Structures are given as C-alpha cells and as structure tokens.
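This briefing guides a first reading of the protein chain shown below. Please keep the sequence and the structure in view while working through the points.

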Amino acid sequence: MAYLEVSGQGANPGKIMFYLGMLFVVLGAVIGAGGVIVAVAYGEVGAVLFSVLFVAIFCGIGGLFAKLGHDNMHASDEILEEGASYLGKIFNYEPDHQILMNGQPCITLVVRYLMMGEIHEARVNTGEVDATRYPIGATVSIKVLEGTAALVPGSVCDTRIEREDDLMNPDFDPLGVHSSVGVSCPNCGANITVPLGMSRFCPYCNTKVSVDAAGHVLG
C-alpha cells in the first residue's frame with residue numbers, strides 16, 4: 001500500500017491557513033499600532049516595548065501561517081493541473097487535528113484506488129468537519145503527482161469502478177501483499193488472482209474468495 005502525502009481540495013486547507021494567517025497579521029498590526037500610539041501618548045516606555053513585541057509575535061505567527069497556506073494552495077493547483085488522474089473509493093475517515101475549524105478537527109478522506117493493477121491508498125484533507133458530503137463507499141476522482149495526492153473538487157459520485165469490491169474489502173491489506181496465486185472461484189469456477197493470505201471478490205459472481213499463506217482456498 002502506498003501512503004501519500006496530503007494535499008487539500010474543496011474547502012482547501014491551504015486557503016484556510018492563508019486567510020487565518022493574514023487575519024493574524026492584520027489584527028496584530030492594528031492592535032499593536034494602537035497600543036504603541038496610546039503608550040507613546042502617555043509616555044509609557046514599557047507599554048511601547050510590549051506593543052512592539054505583541055506586533056512581532058502576532059505578525060510572525062500570521063506570516064508563517066499565510067506562507068504555509070500559500071504554498072499549500074499552489075501545491076494543490078499544480079497537482080490538479082499536472083497530476084495523473086485516478087478513480088478511487090472513499091474507504092474511511094481520519095481526523096486531522098492539525099487543522100481545526102470551530103475547535104473541531106477537519107476530516108481526512110482515506111481513498112483507495114488502482115494504479116498499475118495494484119491497490120494504493122491516499123489521504124486527503126477536505127478542509128471540512130462534516131463528513132456527510134463524503135459518504136464511505138462513494139467514488140471520487142483524485143490526481144497524483146510525485147507521491148502527493150489531491151482530490152478533484154466536486155467529484156464525489158456513486159459511479160461503479162473496476163474492482164471496487166476489492167477496494168472496499170476491509171480484509172484486503174495491500175501492506176502485506178508480496179505475491180498472489182491464481183485460483184478458481186468456488187462458486188462460478190472463474191480463474192482469479194488472490195494475494196496470499198488475503199481475499200478478494202470474484203469479478204464475475206461477486207463471491208468473496210479467501211486463500212491462506214500457502215495459496216489454498218479457504219472455506
């Protein structure tokens with residue numbers, strides 16, 4: 001299984017960071033400048049130094065957030081413009097505690113997709129705390145560029161895709177895939193390939209076929 005770095009989509013986390021950073025910069029500059037003016041008017045040297053320090057901290061933090069957000073936005077744009085396209089399935093959710101909205105962590109989609117016939121997994125932050133727009137099992141379009149994935153905005157749908165039963169199979173762990181074995185489906189007799197010690201669904205009759213580590217069909 002390939003774990004990819006995260007790049008935002010939809011309500012882009014980069015945009016959130018950028019505007020939050022700019023808000024910090026503006027508030028820090030306005031409040032700090034006001035504090036300096038009042039302190040100078042009253043001749044309070046200590047208050048002047050405190051106001052300058054306040055401006056430096058607020059603007060520094062805001063500038064850092066703005067830069068990170070700006071870089072994230074441009075990275076997402078580059079991926080969406082130049083990345084390779086894949087259709088995948090929303091397999092699960094994970095909270096991203098590094099990006100909070102109203103105190104709640106944004107959700108990260110765990111997306112499984114096929115690349116060169118193998119199942120890979122990407123984690124993509126939505127920039128949202130509500131998962132209702134991203135039902136588990138839904139099909140989404142992602143783009144991948146140099147090991148980083150981005151979710152194409154507005155691509156959530158219910159379209160069926162190749163081997164989607166395998167993509168959604170919780171027993172299928174691509175991390176453990178080293179070799180596969182060809183077996184006959186016990187229900188319809190079709191020849192299918194199953195990773196050793198795992199299972200997959202027969203593409204012809206949808207029967208779940210499991211094999212042990214030695215390649216013997218179970219059940």
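Glu94 forms a salt bridge with Arg123, and the closest N and O atoms of the two are 3.0 Å apart. This pair links distant parts of the chain, since Glu94 is in strand β2 (residues 84-101) and Arg123 is in strand β4 (residues 118-125), 29 residues apart. The model is a predicted one, and the values given here are computed from it.

**Salt bridges and their network**

- Side chains of opposite charge can pair when their charged atoms come close.
- The structure holds 9 salt bridges.
- Arg123, the partner of Glu94, counts as buried because its relative accessibility is 18%, which is under the 20% cut-off.
- Arg123 also meets the side chain of Glu121 in a salt bridge, at 2.9 Å from N to O.
- Glu121 is buried, because its relative accessible area is 3%.
- Glu121 forms a further salt bridge with Arg112, with 3.0 Å between the closest N and O atoms.
- Both Glu121 and Arg112 are buried.
- Through shared partners, the salt bridges join Glu94, Arg112, Glu121 and Arg123 into one network.

- Asp96 is buried yet has no salt bridge.
- How far away is the nearest side chain of opposite charge to Asp96? That side chain belongs to Arg123, and it is 10 Å away. A salt bridge requires a distance within 4 Å between the nitrogen and the carboxyl oxygen.
- Leaving aside residues up to four places away in sequence, Asp96 touches Pro105, Cys106, Thr108 and Asn125.

**Overall architecture**

- The protein chain contains 3 helices and 10 strands.
- Along the sequence, these elements follow the pattern β-α-α-β-β-β-β-β-α-β-β-β-β.
- The protein chain has 219 residues, of which 37% count as buried.
- Among contacts between residues at least 6 apart in sequence, 56% join residues at least 24 apart.
- The protein chain exposes about 11,900 Å², and carbon and sulfur atoms supply 61% of this area.

**Surface patches**

- A nonpolar patch on the surface is formed by Leu20, Leu23, Val26, Leu27, Val30, Ile31, Leu53, Ile57, Ile61, Leu64, Phe65 and Leu68. Together these residues have about 1,000 Å² of accessible area.
- Helices α1 (13-42) and α2 each supply at least two residues of the nonpolar patch.
- Ile57, one of the residues in this patch, lies in helix α2. Ile57 counts as partly exposed because its relative accessibility is 44%. This value is over the 30% required of a patch member.
- Which residues gather in a patch of negative charge on the surface? They are Asp77, Glu78, Glu81, Glu82 and Glu146.
- Glu81, a member of the negative patch, is placed in helix α2 (residues 45-82). Glu81 is exposed, because its relative accessible area is 64%, which is over the 50% cut-off.

**Backbone angles in two loops**

- Most residues other than glycine have a negative phi.
- Arg163 has a positive phi of about 55° although it is not a glycine. Arg163 lies in the loop between β6 (148-151) and α3 (164-167). With a relative accessible area of 25%, Arg163 is partly exposed.
- Asn206 has a positive phi of about 65°, and it is likewise not a glycine. Asn206 lies in the loop between β9 (199-201) and β10 (208-210). With a relative accessible area of 41%, Asn206 is partly exposed.

Definitions and conventions:
Residues numbered from 1 in each chain as written. Predicted model: local features only at pLDDT ≥ 70, side-chain atom pairs only at ≥ 80, totals over all residues. Heavy atoms only, no water. Patch = residues over 30% accessible without salt bridge, like charges linked within 9 Å, V, L, I, M, F, W, Y side chains within 5 Å. Areas by Shrake-Rupley, 256 points an atom, 1.4 Å probe, with all protein chains shown as cover. Lys, Arg positive; Asp, Glu negative; His and termini not counted. Charge placed at Lys NZ, Arg CZ, Asp CG, Glu CD. Helix = DSSP H or I, 4+ residues; strand = E, 2+ residues; numbered from the N terminus. Buried < 20%, exposed > 50% of the residue type's maximum accessible area, 1.4 Å probe, protein only. Contact = heavy atoms within 4.5 Å.
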